[in-house]
Amino acid sequence: MKEKFLPVWLLAQRELKDQFRDWRILFPLLILTFIFPPLMNVVAGRAVSFAHQYGGELILDRLVPFSILIIGFFPVTVSLVVALESFVGEKERGTIEALLGTPFLDWQLYLGKFLVGVIFPLLASYSSIAFYLFMVKKQDLALPPTNLMIELLVLAAAHAFLMVSGAIAISTQSTSVRAANLLASFIVMPVAILIQGESVLVFWGNDHLLWLAIFAIMVMAVLLIRVGIAHFQREYLLGREIDTISLKWIWHTFRTSFLGEVQTPLEWYQAQVRGSLRKMKMPLILLSALAILGSIGAYHITSALMPAEIIERAAFSEGEIKNALNEFQAAAGLPSDEIEITFGFIFTHNVQALLVMFLLGLLSFGILGELAFVINIGVFGALFAVLEAFGLPATTLFLAGVLPHGIFEIPAIVFGSAGVLYFGAVMVTPNPSRTMGEVFIHAISDWLKIGVGIVLPLLFISALIEVYITPKILLYFTQ
Amino acid sequence: MIQTENLGKKFNDFWAVDNIQLDVKAGKILALLGQNGAGKTTTIRMLTGLLRPSRGWARVNGHDVVKEASQVRSSVGVLTEQHGLYLRMTAVEYLDFFGKIYRLDADLRKKRSDYLLEYFGLAEVAKERIGKYSKGMKQKLALARTLIHEPPVLLLDEPTSAMDPESARLVRDEIASLRSSKRAIVICTHNLAEAEMLADEIAIIYRGKIRLKGTLDALKDKVLGSAEYEVCFSAPYNVSKLKIPASMEILEKTTSTLRFRTENPAKDNAFLLSELSKEDAPILTLEKTSRTLEEVYLKAMTEVNREMQ
């Protein structure tokens with residue numbers, strides 16, 4: 001084990017030494033580490049005084065955890081610079097071939113670069129936090145509780161891991177440092193949003209949610225590392241020299257993958273859709289199982305957690321239901337007047353929902369998409385539990401009100417989500433015969449084949465049934 | 001040590017290298033010659049396991065370049081087109097870093113590093129940042145890196161480019177001294193004199209394919225025809241009256257020289273000498289005319305170009 005990790009450290013050690021000799025990295029890092037904490041301290045003090053002038057209750061103690069979050073984050077931003085040029089920088093300087101020609105394994109090279117990106121900025125981040133805490137102590141302000149302090153320290157590391165893992169993945173796929181810097185906005189923007197969310201959590205003081213956020217960031221970082229290693233190709237790093245986006249190539253690759261050699265829609269179904277379905281066999285099995293387990297789980301959770309007073313009432317007036325619905329619509333940003341349930345509304349709503357799941361999956365290698373899937377499927381179980389709790393004939397209502405269109409809608413959700421899961425799985429799986437771009441285009445094409453060939457027709461039929469048949473069946477059974 | 005079979009590399013729709021057959025045994029030096037973009041570097045990169053062959057296979061020091069790429073890279077010393085040096089390090093640190101990569105122990109690292117720095121005349125600047133070195137010094141250090149682990153296979157891409165004549169000579173001598181019964185060397189070069197001086201076998205690559213391969217003499221015979229000889233006379237002499245065997249092809253005839261080609265020099269040259277002696281001709285010298293690799297290369301390229309058209 002130690003033998004395998006020695007080369008990782010060897011590579012990291014060399015580059016760390018190099019960084020200590022590079023004033024372009026040292027200088028900003030020193031400023032961010034030792035100038036920013038006093039600045040933050042002064043600004044926080046001024047902010048409190050300002051708030052007091054107008055009767056505000058901003059207390060410096062409450063600003064300390066937030067300041068630690070920010071102070072810890074600034075030096076970590078340097079990690080982005082270091083990591084972004086980790087591979088592509090060596091390529092530009094002409095040192096990459098000598099490095100790639102050594103017996104280092106791909107993952108050793110990758111982790112070595114990862115360590116380089118993380119260690120130095122993280123050390124600076126912790127030094128900065130320590131410096132700030134020293135100043136806080138000097139002012140007789142309360143230090144954050146141990147649990148929160150640990151969270152903030154882990155959070156700084158999580159930020160570094162996330163940014164470095166993303167930046168290195170970009171660095172391995174870029175043809176120049178310039179291109180890598182441009183692509184860095186895909187890291188900077190989400191992380192900026194993340195910091196805002198974390199700031200809210202820090203002020204709110206919800207430890208559990210903060211830990212969940214840290215866990216989610218770590219999972220994303222691990223996935224990004226996995227994606228980076230999976231698509232790390234020495235050949236790619238040596239091969240391309242010029243930054244070009246070939247729309248023609250992108251279209252040709254997509255078209256070939258989506259249509260193949262087929263002539264008719266029937267042939268397309270037989271060759272292409274069937275081929276994609278075969279690839280998604282495992283995600284389909286997994287998600288079918290997850291659908292069943294999710295529904296059962298949601299049923300049990302809803303039954304267990306439903307407030308007793310709601311169950312006791314067991315009935316609501318029409319006005320109460322309408323008010324609740326209006327409140328919900330307002331909260332969800334929907335028009336408060338009654339929604340007309342038409343075929344078009346249901347169909348577009350379902351398509352939108354699947355697109356959102358796909359986009360979430362796209363950003364999180366399938367994870368958020370599958371989370372949305374579990375929530376979607378869980379609604380059935382929860383609904384069943386609610387109906388049962390109110391003493392209504394849940395099975396009859398379910399069979400008459402959900403099943404007629406559900407026969408089509410539920411498989412559509414499962415197929416659509418399987419495509420999302422497949423996308424995530426493909427992106428984190430090594431494929432030496434294809435570049436990351438090719439893998440991405442083929443995965444999108446597979447998802448679209450299932451989407452156009454299976455999901456849309458199923459949703460179309462489901463919406464027709466839901467509007468024209470389900471209400472009649474429901475009426476028949478409930479009268 | 002180096003074997004390839006039908007080795008090919010395709011980039012998009014373009015075969016950069018196609019159907020390369022090599023067999024470089026231990027103790028031999030192969031020179032790969034060709035224009036820029038002919039496929040020499042691509043071949044070297046495939047032999048290092050840096051590029052995955054699109055077809056065919058290659059084994060280096062007994063290891064498959066695809067399945068055992070890490071072992072292949074342990075066995076080779078590669079000098080790349082770009083020197084690939086870390087400019088903020090010193091030469092000592094640099095060689096020590098690569099020594100560690102190849103898992104040499106501390107004593108051996110120091111010994112090898114000291115020797116190489118001394119040999120290449122870098123000992124005095126060994127503790128200076130590489131960034132301060134001249135182009136030639138950098139190239140020498142890159143070669144030292146290639147040799148630090150005494151690899152059984154050396155792949156050298158333009159080893160003497162950017163070097164002054166003295167340094168280039170030094171490097172050439174070093175490469176020649178590296179020839180051993182346990183080591184195979186492949187050199188890519190544009191320097192035909194260098195190839196002629198070092199190589200046991202020469203392969204000329206054109207548009208990804210090996211068009212000619214063999215020993216220098218074999219290539220000369222193949223491309224330029226049989227060996228040529230020249231008789232020089234110390235005084236004007238009329239060669240017209242000489243009896244010349246039919247197997248000799250006369251290339252040039254003057255009162256001071258006679259230049260001819262023969263496929264059987266042992267027999268024909270002996271006959272010619274006896275005839276000249278009988279005639280009491282004022283012979284000054286009889287020698288094989290020198291034909292350079294450059295002539296071979298240029299003629300081969302002209303022929304290949306003509307074929308391609």
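In this predicted model, the C-alpha centres of domain 1 and domain 2 of chain A lie 37 Å apart, the domain bounds being those of an automatic or database domain assignment. Chain A is divided into domain 1 (2-239) and domain 2 (247-478), and the contact between them (heavy atoms within 4.5 Å) takes 11 residues from domain 1 of chain A and 15 residues from domain 2 of chain A. Chain A also meets chain B, with 25 residues of chain A in contact with 26 residues of chain B.

Because this is a predicted model, local features need pLDDT of at least 70 and side-chain atom pairs count only at pLDDT 80 or more, whereas totals for chains, interfaces and linings use all residues. Residues are numbered from 1 along each chain as its sequence is written, chains are lettered from A and ligands numbered from 1 in the order in which they are written, and side-chain values use heavy atoms, with hydrogens and water left out.

**Between the domains of chain A**

- About 1100 Å² is buried between domain 1 of chain A and domain 2 of chain A, with carbon and sulfur atoms giving 71% of that area; buried area here is the accessible area (1.4 Å probe) that two parts lose on being put together, summed over both.
- On the side of domain 1 of chain A, the residues that lose the most area to domain 2 of chain A are Val227(A), His231(A) and Gln233(A), which together make up 44% of what that side buries.
- Between domain 1 of chain A and domain 2 of chain A there are 0 salt bridges, a salt bridge being a side-chain nitrogen of Lys or Arg within 4 Å of a carboxyl oxygen of Asp or Glu.
- The interface of domain 1 of chain A and domain 2 of chain A has 1 residue pair in polar contact, with both residues at pLDDT 80 or more; a polar contact is a pair of N or O atoms within 3.5 Å, where within protein one must be able to donate a hydrogen and the other to accept it, and residues adjacent in sequence count only if both atoms are side-chain atoms.
- Helix α10 (residues 207-230) of chain A contributes 7 residues, the largest share of the side of domain 1 of chain A that touches domain 2 of chain A; helices (H or I, at least four residues) and strands (E, at least two) are DSSP runs, numbered from the N terminus.

**Between chain A and chain B**

- Chain A and chain B together bury about 2600 Å², 56% of it on carbon and sulfur atoms.
- The count of salt bridges between chain A and chain B is 4, and the side chains of Arg21(A) and Glu93(B) meet in a salt bridge at 2.7 Å, N to O.
- Between chain A and chain B, 9 residue pairs are in polar contact, both residues of a pair being at pLDDT 80 or more.
- On the side of chain A that touches chain B, the elements giving two or more residues are α1 (2-20), α5 (96-100) and α11 (234-239) of chain A, and the largest share, 6 residues, comes from α1(A).

**Leu10(A)**

- Leu10(A) lies in helix α1 of chain A and counts as buried because its relative accessibility is 10%, where buried means under 20% relative accessible area, exposed over 50% and partly exposed in between (1.4 Å probe, protein chains only).
- Leaving aside residues up to four places away in sequence, Leu10(A) touches Phe104(A) as well as Phe97(B), Lys100(B) and Ile101(B).
- The C-alpha atoms of Leu10(A) and Pro457(A) are separated by 56 Å, these residues being 447 residues apart along the chain.

**Chain B as a whole**

- Chain B is divided into domain 1 (2-214) and domain 2 (222-288), and the C-alpha centres of these two domains of chain B are 44 Å apart.
- Chain B contains 10 helices and 14 strands, and its C-alpha atoms fill a box of roughly 75 × 50 × 30 Å along the principal axes.
- Of the 309 residues of chain B, 52% count as buried, and among contacts in chain B between residues at least 6 apart in sequence, 69% join residues at least 24 apart.

**Selected residues of chain B**

- Arg172(B), placed in helix α6 (residues 165-178) of chain B, counts as buried because its relative accessible area is 13%.
- The side chains of Arg172(B) and Glu194(B) are joined by a polar contact of 3.1 Å, and the residues that Arg172(B) touches, not counting those up to four places away in sequence, include Thr160(B), Asn191(B) and Met197(B).
- Cys188(B) is buried at 0% relative accessibility, and Cys232(B) is buried at 17%.
- Over all chains the count is 0 disulfides, a disulfide being a pair of cysteine sulfur atoms within 2.5 Å.
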